[in-house]
Amino acid sequence: MTGQVAIDARAAVRRETGGVERVAREMAARLPALRPDRYVVVRPRPRLAYRAGHAWEQLALPLHARRAELLYCPANLAPLASRRNAVVIHDLAALAHPEWYGRTYGAWQRLVLPALARRARLVLTVSRFAQGEIAERLGIPGESVAVVPNGVSESFSPSADPGPARRALGIERPYVLTLATRSARKNLAVLGDAAAALRELGIELVSAGGGRGYLRGGELLPARTLGYVPERLLPGLYAGALALAMPSHYEGFGLPCLEAMACGTPVVAADRTALPETCGEAALLADPEDGEAFATALVRAATDETERARLSAAGRERAGGFTWQRTAELTDAALAKRLVD
């Protein structure tokens with residue numbers, strides 16, 4: 001059907017949600033609501049959401065979407081044989097730092113990502129930083145890569161109730177939060193100094209997030225590990241935190257920073273990759289290699305009432321400019337250009 005776009009919703013049906021899955025879910029819901037005549041969602045059975053679904057994505061998806069002019073794939077991967085792909089490449093961490101990933105996964109990414117980018121009708125990404133990475137590492141002209149930032153759900157708000165999260169997760173003391181998958185990339189080990197300094201002040205450092213089999217490192221956490229936290233508890237978990245720490249070595253966007261800001265929670269983030277771009281002037285930025293500097297910034301964000309008030313207000317204003325509706329509208333505009341090319 002001329003002008004139709006099929007949405008690859010494989011990542012949207014996964015049980016556990018990270019940043020990539022969040023984008024897939026939001027776009028699978030919002031794009032068809034924005035233009036019902038343009039978008040159709042193609043979902044696999046849930047058992048095909050993970051590794052078992054590679055074959056579905058490569059072989060079955062193009063058949064299901066055969067009447068569509070474009071195939072919008074929001075989660076880094078797309079059918080290699082298709083020339084109709086509009087693929088969102090969130091970052092190139094696996095190419096920039098293969099040591100953070102399992103051998104098989106890293107080899108697959110090095111094979112697939114350059115081929116997908118070269119053959120795609122459109123490449124989208126989530127930040128200027130990621131756009132530059134794609135241009136440099138994949139040889140795709142930066143001006144041909146559409147930058148569409150992520151958004152923040154309306155459920156992330158200062159009014160979110162921390163009570164259910166505290167009760168479900170057994171959090172009794174004041175706490176500082178870090179939210180990340182267990183991976184060397186997330187650099188949580190650098191928070192050792194911060195955990196000790198906060199402990200002396202009666203504040204607990206807690207770490208939320210699951211693991212993925214293809215990720216390496218991240219086992220030694222200087223925090224109480226909460227494990228994967230269900231979506232329904234996340235707004236309250238953010239809102240109840242004194243601060244959010246994000247010391248990642250590498251991020252293509254850094255969605256937890258904006259979600260925390262939307263909840264009025266001060267943010268301390270690494271001064272690297274896309275995080276300064278995402279946070280703007282609304283967070284404290286610190287060297288992710290310097291545990292003492294990160295600890296100083298985190299204690300300040302958690303305990304200095306003047307600084308907390310400034311960061312909370314600036315963060316809410318910053319997050320207010322990033323909505324999923326805006327993401328959907330920018331995505332639709334970028335896809336529409338390819339429909340008429």
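This is a predicted model: local features need pLDDT of at least 70, side-chain atom pairs count only at pLDDT 80 or more; totals for chains, interfaces and linings use all residues.
Select Val23, Met27, Tyr72, Val88, Leu124, Thr125, Val126, Val148, Asn150, Thr327 and Thr331, which line the largest cavity. The space inside comes to about 60 Å³. Colour α1 (19-34), β5 and α13 (324-340) next: these are the elements that give two or more residues to the lining of the largest cavity. In total, two cavities of 30 Å³ or more are counted. Rolling a probe the size of a water molecule over the atoms shows where empty space is left.

Keep α13 coloured and go to the second largest pocket. Here the space is about 160 Å³. To display the lining, select Leu122, Glu143, Ser144, Val145, Ala146, Val147, Val148, Leu330, Ala333, Ala334, Lys337 and Arg338. Which element gives the largest share of this lining? It is α13, with five residues. Both β6 and α13 supply at least two residues each.

Now show the strands. Six of them form an open sheet, and its order is β2-β1-β3-β4-β5-β6. The pairing is parallel. Strands of a sheet pair through backbone hydrogen bonds, either parallel or antiparallel. Find the edges next: β2 (39-42) and β6 (145-147) are the edge strands, and each pairs on one side only. If you look along the sheet, the twist from one strand to the next averages 25 degrees.

Select β5 (122-125). On one side of β5 are Leu122 and Leu124, on the other Val123 and Thr125, and all four are buried. Both faces of β5 are therefore covered. In a regular strand the side chains alternate between the two faces of the sheet. Ala86 has Leu122 as its bridge partner in β5. Look for Val123, which stands opposite Val145 in β6.

Move to β1 (residues 5-8), which pairs with β2 in the parallel sense over four bridges. To see one of the pairs, select Ile7 and its bridge partner in β2, Val41. Are the side chains of β1 buried or exposed? Val5 and Ile7 point one way, Ala6 and Asp8 point the other way, and all are buried.

The last stop is helix α5 (residues 128-138). Select Ala130, Gln131, Glu133, Ile134 and Leu138, which are buried. Turn the view to look down the axis of α5: the buried residues fall within an arc of 160 degrees, so they line one face of the helix. Then select Arg128 and Glu136, which are exposed on the other side of α5.

What covers the buried residues of α5? The cover includes α3 (93-96), α4 (103-119), β5 and β6. To finish, step past the end of the helix to Gly139, which follows α5 and has a positive phi, near 70 degrees.

Definitions and conventions:
Residues are numbered from 1 along each chain as its sequence is written. Side-chain values use heavy atoms; hydrogens and water are left out. Two strands pair if DSSP finds at least two bridges between them. Axes are lines fitted to C-alpha atoms, for helices over the stretch in contact, and angles run from 0 to 180 degrees between N-to-C directions. Buried means under 20% relative accessible area, exposed over 50%, partly exposed in between (1.4 Å probe, protein chains only). The arc is that of the directions from the helix axis to the C-beta atoms. Contact means heavy atoms within 4.5 Å. On a 1 Å grid over the protein atoms alone, a cavity is a set of points where a 1.4 Å probe fits but cannot get out, and a pocket is an open set with protein on both sides within 12 Å along at least five of seven lines; lining residues have an atom within 4 Å of a point. Grid points are joined across faces, edges and corners, and a volume is the space filled by probe spheres set on the points.
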